[in-house]
Amino acid sequence: MPPVLNPQLSKVDGLAFLGLSLCRKSDEGHPDSITHQTAFDLNEVIDRKYEYLASTNDDGWLVGGGEPGPPKSYKLPAKDSAHVEIMRIGTYNPAWGGIEEKEIVDVMRSGKILIPQIEVLPTAVVANPDKPPELEIRFDMPTAVDFNDMKAPLPHNWQLRFIHNQLFKHFQNPSRFCPGAFHSTIVRKAEFRSEKHREAYFAKCAAVLQRWAIDGPKSLNDGPWDADGEPLKNP
């Protein structure tokens, strides 16, 4: 069982969460994918041509526009689902350990949770401990906040931890938890062609991350997007 707040009262596992959407429509992905950010093109850290990987899970690439399906790919067609979880809710059923959707929306609209302008920077692409592993793009906070010097610059990605801490303090539902470091899963069951191919893939990703680091943290929303990826008519 995931490390939920109260396992005895968490009756049904679920995937409802609060977090950031990283999805972005791409000509290489599923035609029904939508765009929520244009700061980072995650196609730069995946391997659609399978030059480095020999196989992946049935649902293939979860980011960079998702999986287009035949004839472009022969994985299960799926829209881009790139996201970073800040707090896992589980379900919208309190009897199962979750929270009603209306309560979550009301709290987020109330101003009780302070949400700064969110600017993020991908910090690493890693393989998690699963066998075969999931590949994840991480949004780590590289250093701790210096509380002794109020003029010291805040570390990259501090906003995620700031929001996370408030959410964890406010919501006490039994199924609440955070699935590890802040990350977006790129692909599941990643099996490399060889150790050399594995090293080459991560070297490629490191070069992309280094280029992004030069530009620094970026706002994900460069425009007022609606939930369906269309521009808001009255932002």
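**Figure 1. The largest cavity of the predicted model.** The largest cavity has a volume of about 30 Å³, where a cavity is a set of points on a 1 Å grid over the protein atoms alone at which a 1.4 Å probe fits but cannot get out. Volume here is the space filled by probe spheres set on the points, with grid points joined across faces, edges and corners. The model is predicted, and local features need pLDDT of at least 70, side-chain atom pairs count only at pLDDT 80 or more, and totals for chains, interfaces and linings use all residues. Residues are numbered from 1 along each chain as its sequence is written, and side-chain values use heavy atoms, with hydrogens and water left out. A search of the whole structure finds one cavity of 30 Å³ or more. Lining residues, defined by an atom within 4 Å of a point, include Leu22, Arg24, Phe40, Asp41 and Asp80. By class, five are nonpolar, two polar and three charged.

**Figure 2. The second largest pocket.** This pocket has a volume of about 450 Å³; a pocket is an open set of points with protein on both sides within 12 Å along at least five of seven lines. Of the 20 lining residues, His83, Glu85, His183, Thr185 and Arg188 are the closest to the centre. At least two lining residues come from each of β5 (83-90), β8 (135-138) and β9 (183-187), strands being DSSP runs of E of at least two residues, numbered from the N terminus. The lining comprises six nonpolar, seven polar and seven charged residues.

Figure 3. Three strands form an open sheet in the order β7-β8-β9, with antiparallel pairing; strands pair if DSSP finds at least two bridges between them. Because β7 (124-127) and β9 each have a single partner strand, one side of each edge strand is left without a neighbour in the sheet. From one strand to the next, the twist averages 30°. Four bridges join β8 and β9 in the antiparallel sense, and Glu136 stands opposite Thr185 in β9. Helix α3 (residues 195-215) lies across β7, β8 and β9 and runs at about 155° to β7; angles run from 0 to 180 degrees between N-to-C directions, and axes are lines fitted to C-alpha atoms, for helices over the stretch in contact.

Figure 4. Gln166 is found in helix α2 (residues 158-170), a helix being a DSSP run of H or I of at least four residues. Gln166 is buried, with a relative accessible area of 15%, buried meaning under 20% relative accessible area with a 1.4 Å probe and protein chains only. Not counting residues up to four places away in sequence, Gln166 touches Lys112, Ile113 and Leu114, contact meaning heavy atoms within 4.5 Å.

Terms used
Nonpolar A, V, L, I, M, F, W, Y, C, P; charged D, E, K, R; others polar. Buried < 20%, exposed > 50% of the residue type's maximum accessible area, 1.4 Å probe, protein only.
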